Amino acid sequence: MGRRKLVVGNWKMNGLRAQLGEVEAIGAAAAAHPSVEVGLCLPATLIASAQAVSGAAFVGAQDCHMKDSGAHTGCLSAAMLAEAGASWTIVGHSERRQDQGESDADVAAKALAAKAAGLKVILCVGESLDVRDAGNAEAVVSAQLLASLPDGAAADWLAIAYEPIWAIGTGRIPTMEAVEAMHRALRTALGGRIGAADAGGMRILYGGSMNGDNAAELMAIEDVDGGLVGGASLTAAKFAPVIAAAG
Ligand code: PEP
């Protein structure tokens, strides 16, 4: 299908300037695998300084506000993040959906705000363990995706990340068959909204305990177009093998 693999680290609330050497080394790993698009979604405080050293790896944010400006103490607009040097942002990560109570509509609004500021977007979806155990994960996550999808969603500015909540930071991952079935279901759901051709071009990443040991097998799955990686993206030693697995 010609979808370029996209491998993105999510540093969450980790990283001080002392870690900029890791950013630089990850940029070098990205340069060694030019067929792979590589990025790091960093704490906002690091975006500007990381952008100066990240080389072939883009720098992104982990969230943005849905409004352009206003009385929203502590929040950051997409334009602020873009000005700092971000070229992408995550929206709808399950930790924000849980901790900040973000709804599907909030996530769609944030994606549109990001696009308006020139940021590309990784939109996260994924099921809880209860939903997985109940056996209807594909239907639930497909519905979540369609409810979170912004108007005008297109492959040139939006990617999806399927992240089962129970796999994030736990060392557990779904079976390869389950990942394959979910990604296929999500692409079918996307096709129903934006048309099969556009859905065929959109990248759908897997996230949740991806690391250098499992990345190659996960990313060999037909509809898995890369990874969103938390813990294994914090150092170049752990992240470089994931990048190499995509190349
Ligand atoms: C994430 O939170 O986006 C993630 C995938 O985390 P981890 O790789 O640590 O499971």
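Predicted model: local features only at pLDDT ≥ 70, side-chain atom pairs only at ≥ 80, totals over all residues.
Colleague: Where is Ser209, and what is its phi?

Modeller: Ser209 has a phi near 55°, again a positive value in a residue other than glycine, and its place is in the loop between β7 (204–207) and α10 (215–219). The cut-off for buried is under 20%, so Ser209, at 18% relative accessibility, counts as buried.

Colleague: How should I read Gly192, and is this residue buried or exposed?

Modeller: A residue counts as exposed when its relative accessible area is over 50%. Gly192 has 71% and is exposed, although it is found within a helix, namely α8. Sequence separation and spatial separation can be read side by side here: Gly192 and Ala236 are 44 residues apart in sequence, and their C-alpha atoms are 39 Å apart in space.

Colleague: What does Val59 touch, and where does this residue sit?

Modeller: Val59 is placed in strand β3 (residues 58–61) and counts as buried, at 2% relative accessibility. Leaving out residues up to four places away in sequence, Val59 touches Leu40, Leu42, Ile47, Ala50, Gln51 and Ser54, and also Gly85, Ala86, Ser87 and Trp88.

Colleague: Which residues touch the most other members of the largest nonpolar core?

Modeller: A nonpolar core is a set of buried nonpolar residues joined through side-chain atoms. The largest one here has 64 residues, among which Leu123, Leu149, Leu158, Ile160 and Phe239 touch the most other members. Helix α8 (residues 176–194) gives the most to this core, contributing six residues. A second, separate core has 12 residues, including Phe58, Ile90, Ala161 and Leu228.

Colleague: With which residues is Leu149 in contact?

Modeller: Once neighbours within four places in sequence are left aside, the contacts of Leu149 are Ala108, Leu123, Leu158, Ile160, Leu190, Arg193 and Ile194.

Colleague: How many helices and strands does the protein have, and what is its radius of gyration?

Modeller: The protein has 11 helices and eight strands. Its radius of gyration is 17 Å, close to the 18 Å that the globule rule gives for 247 residues, so the protein is as compact as a globular protein of that length. Taken along the principal axes, the box filled by the C-alpha atoms is roughly 45 × 45 × 35 Å.

Colleague: What share of the residues is buried, and what share of the contacts joins residues at least 24 apart?

Modeller: Of the 247 residues, 52% count as buried. Among contacts between residues at least 6 apart in sequence, 73% join residues at least 24 apart.

Notes: Residues numbered from 1 in each chain as written. Heavy atoms only, no water. Helix = DSSP H or I, 4+ residues; strand = E, 2+ residues; numbered from the N terminus. Rg over C-alpha atoms; globule rule 2.2 N^0.38 Å. Buried < 20%, exposed > 50% of the residue type's maximum accessible area, 1.4 Å probe, protein only. Contact = heavy atoms within 4.5 Å. Core = buried A, V, L, I, M, F, W, Y, C linked by side-chain atoms within 4.5 Å.
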